[in-house]
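Hi,

Here is the structure I promised to send over.

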Amino acid sequence: MVVPAAAPGDVREPHWHPNSDEWLFVMAGAVRMTIVDGKGAASHFDCHVADVAFTPLGSGHYAASLGDEKVQWLPPHNHADFPPRKPRQWTPTRPPPTPH
């Protein structure tokens, strides 16, 4: 498993997984985990070494590095194939029709 790392001030691209839960185990540094539920409500969690953040299947999420230290974390999933979906895939590809 690859251990992702982030420099101070880095933000991991927002994404979601349509078929997998995700855990974030912080191994070094500190992150602010943001999780967006299916109704668009965002929750923010500051995570430090040995903390774990859980993101349910289908919830949008991203992690932002906090402080002056490099961050490292393990992001295990409960599905072998967990393709991330990007923000542009959260919204319709075209605007809704305009009423006449």
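Which side chain does Glu 22 meet in a salt bridge? The partner is Arg 12, at 3.5 Å, N to O (a salt bridge being a side-chain nitrogen of Lys or Arg within 4 Å of a carboxyl oxygen of Asp or Glu). Glu 22 sits in strand β2 and Arg 12 in the loop between β1 and β2, so the contact ties together parts ten residues apart in sequence. Strands here are DSSP runs (E, at least two residues), numbered from the N terminus. Glu 22 is buried at 1% relative accessibility, while Arg 12 is partly exposed at 29% (buried is under 20% relative accessible area, exposed over 50%, partly exposed in between, with a 1.4 Å probe and protein chains only).

Before going on: this is a predicted model, with pLDDT of at least 70 needed for local features and 80 or more for side-chain atom pairs, while totals for chains, interfaces and linings use all residues. Residues are numbered from 1 along each chain as its sequence is written, and side-chain values use heavy atoms, leaving out hydrogens and water.

The whole structure has two salt bridges. Arg 32 and Asp 46 also form one, at 2.6 Å, N to O. That pair links strand β3 (Arg 32) with strand β4 (Asp 46), 14 residues apart.

Cheers

Conventions. Helices (H or I, at least four residues) and strands (E, at least two) are DSSP runs, numbered from the N terminus.
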